[in-house]
2 protein chains.
Amino acid sequence: MAAAFRSSLKLRASARLPAVRTITTTPHLRAAEKPYFSNEPAGPKLVTAIPGPKNKAAAAELNEVFDVRSLNMLADYSKSVGNYIADLDGNVLLDVYAQIASIPVGYNNPHLQKVAASSEMATSLINRPALGNFPSADWSHVLKTGILKAAPKGLNQVFTAMAGSDANETAYKAAFMYYRQLQRGGPEKEFTEEELESTMVNQSPGSPQLSIMSFKAGFHGRLFGSLSTTRSKPIHKLDIPAFDWPQAPFPSLKYPLEEHARENAEEEQRCLQEAERLIKEWHNPVAAIVVEPIQSEGGDNHASPAFFRGLREITKRNNVLFIVDEVQTGVGATGKFWAHDHWNLETPPDMVTFSKKAQTAGYYFGNPALRPNKPYRQFNTWMGDPSRALIFRGIIEEIERLSLVENTAATGDYLFSGLERLAKQYPEHLQNLRGKGQGTFIAWDTPKRDEFLVKGKGAGINIGGSGQSAVRLRPMLIFQKHHADILLESVEKIIKQL
Amino acid sequence: MAAAFRSSLKLRASARLPAVRTITTTPHLRAAEKPYFSNEPAGPKLVTAIPGPKNKAAAAELNEVFDVRSLNMLADYSKSVGNYIADLDGNVLLDVYAQIASIPVGYNNPHLQKVAASSEMATSLINRPALGNFPSADWSHVLKTGILKAAPKGLNQVFTAMAGSDANETAYKAAFMYYRQLQRGGPEKEFTEEELESTMVNQSPGSPQLSIMSFKAGFHGRLFGSLSTTRSKPIHKLDIPAFDWPQAPFPSLKYPLEEHARENAEEEQRCLQEAERLIKEWHNPVAAIVVEPIQSEGGDNHASPAFFRGLREITKRNNVLFIVDEVQTGVGATGKFWAHDHWNLETPPDMVTFSKKAQTAGYYFGNPALRPNKPYRQFNTWMGDPSRALIFRGIIEEIERLSLVENTAATGDYLFSGLERLAKQYPEHLQNLRGKGQGTFIAWDTPKRDEFLVKGKGAGINIGGSGQSAVRLRPMLIFQKHHADILLESVEKIIKQL
């Protein structure tokens, strides 16, 4: 059945995708395309409907103790390899969702296997330190050869965290402390009695009514502070108390970009002006703004490098910190290691948060004044997890060894071209194609989006959405042109079924 | 030097601690006290002043990239074993702080070594799933044989998290969603247009002004929602915006308890009345209360089981959820697996949060209505970490194999008796001794607390404080009577130096 499925895919591809076919006559054997994973299957394999019977039974069992209503599929990770995820029923899908954009170098990556089996890993797992108090002797080395080796230009320090939400929230905390320190007149200024007392009852001035400004449709996490900056969907926010913080408009660009250059520039200008107005006028003063290089959960909304340079200027001009949330965009997916590398900023962001593909989390910063003026102000028991920091180090090593950022840039261009051809062929199903020159961080809108995603599995791919109507591609960094061919074939297959 | 140090300890102990000595003539060879770790040192070993030269150099190097102002010491975990932590200079300390109360079964525990080296661990580390979407096939099994095997009585479900802060915050979120669901009239009721719109701008009714009530001196974490319930110290809260949530008084008990029974009961009654008044009158309605069984960061403040039963009654009477924060008290340290097991509640807490000694985190619950009414309302990318869930499973196995909760209860009683004797001998240095019958979760106040802690290292112990004036003991569950003897000797040694 699997073989039949593959040949049917190829047949249709031959019939309908001549432009792709000419470039990739024998896509799985292209000489220039040595597969990173020699043991990857040649393509998806479907042996049951998805979910199959074993998946259904296991989901019912899990449901007794764990909410499974958001379940996509139960996976057999021991049988997953590279870009392919296996389920319990023997189905194997090309995974271009990759654990919500968080697997960078493939399932069962051999180099990470070695990292996982190292004695360094074992000691990190079983002797978990309180990193602020009792870091291991080699913590500095682990940071410098790992997390900090990948640090964005101009940022040479890190506060480590556990996931995207607390990475952002600790960055916000640093921003608030910095803001108040400036107001007080420097790090040496002591807190007043009134501050010491009022903060214990959650009142100003000790707990000041300051704010973080985010952007409409932005997503920055789901804990209370991060959720107050998240503006993606009501379902993320309903019933949860939130801070009275401002949101600026994020540009709503029209595609194709080439055809709407002036309109889009005006739209970005409008958003910049409104952002600056809010900073100047919001009743709870803005200590920092936080922005994603590409709004991800909110629907894969892009803006130009000029827009982000403009934001940077506004923050400088208004003494507001500039936090770039690279939780989803970071670690290579856009064809640069950090998405904000595309912007050519004159001064680096004040803080850059990371998680997901880093498999650990935190925020980078450069200005030493962003270390709060006293110890224990930015602190918690674990402050991250060294075992996950070791995994990130392994990921960085693998990215360097295989030039995976360059691969993602090249594969992304190739994939984008293929999608452009499909968009011409099926304009009603492939609208607002975006992410050109942004590696594999590509998306498009489609009217029957949810149906498209469900049908993905029947076409051999695990694929996700974002926002209300976008299909988002989030393949791993080891996604190659021959995988792109399979994806393009599958996309066309799905479109024909809609 | 180390040998000289040990014999000096013994000499002084002989000279000054006759009561202890009579019980433990040859403490390290007591027949009934087979050591859990055969390779543990016989006692602390000091070869340099602490911090020694290597420690200082490593700290200076780390400081380039990571804030070290809260540094206690850099550890050499490869040389740490059981209850003993080694530093870079060859010093070995008896560790009764245990990574801020988070190491349960000893450094380099052999059983955890095996868990760390398992293929299950490797696949969890390198194929990290988005647990809400793509859990591994065995996730249900891992939960049932691990996290849920240890579930508090009456609670059979779990939402997994990363650390104490997000465990509490996700519990708060569940409470808010539940509260609003009751207000709406049930899970099938749809959100209104007004809610859908207002939540996107952080306004009521979609983002309602509800509250979580916590207790004065309580500690529940340092992210924005959890920090709004934290009332431990100004340094934890200053400059960070907070929600306008109420705090109830926590009983301030007098010691020894036997001598102040009536006074203490009245104090608890006063606090209960005030708690109920706040629930009824606070301007932002209270969806849940959160309380620690023993206030830990806030100074090791205890209350009686009757107080907590009273709180449970108040929550029932007022339709408010009862969240017990067992982040620091849970997993055996109080001589029961969960500290609230001491209370004999008629109905279990609505949610119990855990972290620290569990080495993973989350909240337990029993009522299925605490699952939000729609998927993706309680969700995030990772929702915990299966590799850490495997470690917790190993910890539970080790606790069962060695009966470590019973050990902690017995060792705690033994240690408490020894401290009572010291308190009689040095009443000015050992005040308000507390934690009787609470395993090793013991503390006392001492006027020169910070000096006491610093001198601990010179006496061979790594020991921590809580609140303004408490020395808190947080040994591991493998802490045995012969370790208690060493600790008692060290405490006396320190007192004599003050």
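# Chat: where chain A meets chain B

Me: Which residue of chain A does B:Asp239 form a salt bridge with?

Reply: B:Asp239 forms a salt bridge with A:Arg377, and their closest N and O atoms are 2.8 Å apart. A salt bridge here is a side-chain nitrogen of Lys or Arg within 4 Å of a carboxyl oxygen of Asp or Glu.

Me: What sort of model is this, and how are things numbered?

Reply: This is a predicted model: local features need pLDDT of at least 70, side-chain atom pairs count only at pLDDT 80 or more, and totals for chains, interfaces and linings use all residues. Residues are numbered from 1 along each chain as its sequence is written, chains are lettered from A and ligands numbered from 1 in the order in which they are written, and side-chain values use heavy atoms, with hydrogens and water left out.

Me: How many salt bridges cross the interface of chain A and chain B?

Reply: The rule finds 12 salt bridges there.

Me: And which helix of chain A gives the most to that side?

Reply: Helix 8 (residues 164-184), with 9 residues. Helices are DSSP runs (H or I, at least four residues), numbered from the N terminus.

Me: What does A:Arg180 touch?

Reply: Leaving out residues up to four places away in sequence, A:Arg180 touches A:Glu195, A:Pro205, A:Pro208, A:Leu210 and B:Asp239. Contact means heavy atoms within 4.5 Å.

Me: How much area do chain A and chain B bury between them?

Reply: About 10800 Å², 59% of it on carbon and sulfur atoms. Buried area is the accessible area (1.4 Å probe) that two parts lose on being put together, summed over both. The contact takes 122 residues from chain A and 122 from chain B.

Me: Why do the copies meet through the same surface?

Reply: Because 100% of the interface residues of chain A are also interface residues in chain B.

Conventions
Helices (H or I, at least four residues) and strands (E, at least two) are DSSP runs, numbered from the N terminus.
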